[in-house]
Amino acid sequence: MSKSQKKHNAQILGKGEKTMLFVHGYGCDQNMWRFITPAFETSYKIVLIDLVGSGQSDLNAYDFDKYNTLQAHAEDILDLIEELGLKNVVLVGHSVSAMIGALASIQNPATFDCIIMIGPSPRYISDNSYNGGFSRESIDELVEALDSNYLGWSSAITPVIMGNPERPALAQELKNSFCRNNPDIAKHFARVTFLGDNRADLEKVTVPTLILQCSSDVIAPLHVGTYVQQHIKHSKLTQLKAKGHCPHLSEPEETIQSMKKFLSAR
Amino acid sequence: MELDFKTLYHHAPCGYLYTKEDGTLIEMNDTFLAFTGYSREEIIENRRFEDFLTLGGKIYYETHFAPLLNMQGEVSQINFDFIRKDETRFPVLINAIKESANEKQHNYIQFIVLDITQRKQYEMELMNAKRKSEELLTQLRNVNEELTSNIQVIAEQRDQLEKLNTTKDKFFSIVAHDLKSPLNSLKSFSSLLINHIDSLNKDEILTMSKQLRDSVDNTIKMADNLITWAMVQMEDYKFNEETIKVKDITSNICDVYQDVALKKGINVNCSVEDSLTITGDKNQIEFVIRNLVNNAIKFTHKHGFVSLTAKSLPDGQVQISVSDSGVGISDEFKRKLFSISKEQSTIGTDGEKGTGLGLMLSYEFMKLNGGQIDIESSLGKGTTFHTKFKRGH
């Protein structure tokens with residue numbers, strides 16, 4: 001197993017000439033792709049990763065100074081692609097990882113076939129001329145919310161085996177093993193994610209890009225998705241019926257169809 | 001009694017909430033309406049669960065709560081701040097289950113909502129107490145570190161005091177021997193002169209007077225050294241750093257010692273380049289070199305040689321060396337040469353007396369000038385002292 005593979009708890013499945021690299025958003029881990037990946041396993045090599053500091057990644061590698069910008073995560077992804085010798089990569093990035101993917105593609109466009117952004121936002125905080133949807137205070141409020149929700153963070157809570165006869169896919173899953181994040185890292189990553197500004201980077205993206213936009217998404221509203229589409233040269237926006245910020249979890253079928261439609265047209 | 005489930009449901013001591021999979025409210029009980037201040041018509045089919053949350057709560061809902069609910073089918077004991085109709089807030093604890101329905105029906109989510117205002121206050125008190133105790137712990141750790149370092153300082157001071165005490169003892173023993181002996185000889189010569197003045201001839205009186213003068217000279221030298229040493233010990237000596245031409249120091253010393261050396265048939269060779277300069281206190285450096293030349297002559301037999309040389313070192317320092325073809329220094333003696341631990345001064349090859357303080361003072365001065373002093377010596381063959389100084393600007 002390569003160094004980066006271990007660092008990111010990278011899982012490789014499926015087979016195909018092209019690779020689909022899935023990168024989860026803030027607050028979760030690679031488990032969030034579970035309803036999407038089966039649809040692509042027969043025609044793509046699938047690589048799932050946890051960003052450093054999230055999920056089962058190497059938490060010791062999370063240097064608070066280094067990961068002060070999204071660029072460090074983008075470089076991690078390029079390192080992994082190089083170590084695994086991946087080519088024609090379709091990068092699927094959710095939320096903040098849509099921007100991380102954009103940064104990686106700017107640095108090395110030749111590696112990527114295309115980017116699929118789910119709920120991207122280049123800037124969450126509003127100013128006079130831009131409506132990102134959030135105020136500075138609301139980010140502090142989020143950090144407070146993190147402080148008072150010890151979901152899976154207390155050292156006393158360990159994953160328990162959960163049976164769910166009505167959803168066999170979930171049977172024997174480890175409850176509380178998803179989206180467990182170290183509280184200090186979660187707070188730091190929240191600030192890096194929600195205080196960042198990558199608007200100027202959008203115009204540097206040259207790789208063909210699909211933007212999947214949910215309806216009533218409070219994190220990345222429609223006008224932000226439109227802004228992203230208008231500033232990336234070869235981009236297309238598909239509006240989904242799915243509500244919320246995680247269509248790959250709430251409406252996986254619609255998400256898969258939109259992805260397939262874009263990929264087959266290429 | 002007959003159970004009325006409808007009453008139980010609406011008057012339950014917690015809020016009940018049913019939503020579609022996207023969070024749109026489809027049913028709620030009276031307790032939930034009482035918590036939030038809305039009427040059923042205002043919110044049913046019209047609001048989503050998220051709409052009751054603060055912005056920070058919305059982000060948490062979308063990035064943690066919703067993914068977990070989707071993946072696990074249930075989430076429990078999550079704390080949010082709910083916003084009432086009048087925009088006031090209250091803390092709640094949420095449990096949620098995602099109900100998977102059959103093909104005809106849609107999935108829906110069941111929530112229970114507990115008002116935890118008092119529990120939250122208690123939690124905040126606990127959090128504050130925890131924060132405070134962590135602060136106190138940090139303070140305690142700092143105080144402990146300070147104490148440990150104080151203990152170290154005290155131990156160092158104790159060692160220093162012990163050393164000073166030893167120095168003081170040795171100092172008295174040197175004074176007792178070296179200062180007292182010229183005074184004794186002064187006393188005996190002067191008594192001789194007083195008691196036998198009539199029976200002594202002019203030559204004898206002259207010889208005794210010369211011896212008297214030598215004793216006085218030596219005593220004055222001794223007193224000078226003692227005063228300087230005492231000043232250095234009391235850190236009262238004014239250090240005056242300047243750039244000095246090495247030749248200015250060496251030629252002056254060579255001139256002064258030429259006569260003394262000639263009397264012992266010793267040739268003093270003094271060759272130093274004009275351009276060499278060093279940085280330091282001129283009086284102190286002169287003292288050191290003078291002392292080394294004086295010692296070299298003192299411990300060299302008749303017809304030997306003494307040389308005074310200087311050169312630039314590759315590391316940027318300047319080395320002034322004093323060599324002699326004298327008696328040499330034993331390894332054992334080398335070790336205590338610069339300390340006050342020597343019992344007394346050593347007599348020269350021609351019976352010269354010393355103060356026993358010269359090398360020790362030289363060593364102190366080298367330290368003050370940021371220099372170094374080293375010895376190369378072999379018994380019976382001679383000795384070389386190397387002194388290294390900072391180059392002048």
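At 17% relative accessibility, Arg199(A) counts as buried, a class that means under 20% relative accessible area, whereas exposed means over 50% and partly exposed lies in between (1.4 Å probe, protein chains only). Arg199(A) meets Asp197(A) in a salt bridge between their side chains (2.8 Å, N to O), a salt bridge being a side-chain nitrogen of Lys or Arg within 4 Å of a carboxyl oxygen of Asp or Glu. Asp197(A), with a relative accessible area of 39%, is partly exposed. The model is predicted, so that local features need pLDDT of at least 70 and side-chain atom pairs count only at pLDDT 80 or more, while totals for chains, interfaces and linings use all residues. Residues are numbered from 1 along each chain as its sequence is written, chains are lettered from A and ligands numbered from 1 in the order in which they are written, and side-chain values use heavy atoms, with hydrogens and water left out.

Over all chains, the count of salt bridges by this rule comes to 19. One of them is formed by the side chains of Lys7(A) and Asp76(A), at 3.3 Å from N to O. Lys7(A) lies in helix 1 (residues 3-7) of chain A and Asp76(A) in helix 2 of chain A, so this pair ties together parts that are 69 residues apart in sequence; helices (H or I, at least four residues) and strands (E, at least two) are DSSP runs, numbered from the N terminus. Lys7(A) and Asp76(A) are both buried.

A further salt bridge joins Asp22(B) to Lys243(A), with 3.1 Å between the closest N and O atoms. This pair crosses between chains, leading from the loop between strand 1 (15-20) and strand 2 (25-28) of chain B, where Asp22(B) is placed, to strand 9 (residues 235-243) of chain A, which holds Lys243(A). Asp22(B) is partly exposed at 24% relative accessibility, and Lys243(A) is partly exposed with a relative accessible area of 32%. Elsewhere, salt bridges that share partners join Arg123(A), Asp127(A), Asp197(A) and Arg199(A) into one network.

Chain A as a whole has 8 helices and 9 strands, and 58% of its 266 residues are buried. Where contacts in chain A between residues at least 6 apart in sequence are considered, 75% join residues at least 24 apart, contact meaning heavy atoms within 4.5 Å. Within this chain, the axes of helix 2 (residues 70-84) and helix 3 (residues 96-107) come within 8 Å and cross at roughly 65°; axes are lines fitted to C-alpha atoms, for helices over the stretch in contact, with angles running from 0 to 180 degrees between N-to-C directions. The residues that make the contact include Leu70(A), His73(A) and Ile77(A) of helix 2 of chain A and Val96(A), Met99(A) and Leu103(A) of helix 3 of chain A.

In chain B, Thr277(B) is placed in strand 8 (residues 277-281). Leaving aside neighbours within four places in sequence, Thr277(B) is in contact with residues including Thr243(B), Val246(B), Val318(B) and Lys390(B). Thr277(B) and Arg290(B), by comparison, are 13 residues apart in sequence and 17 Å apart in space, C-alpha to C-alpha.

Phe5(B), in helix 1 (residues 5-10) of chain B, is exposed, with a relative accessible area of 61%.
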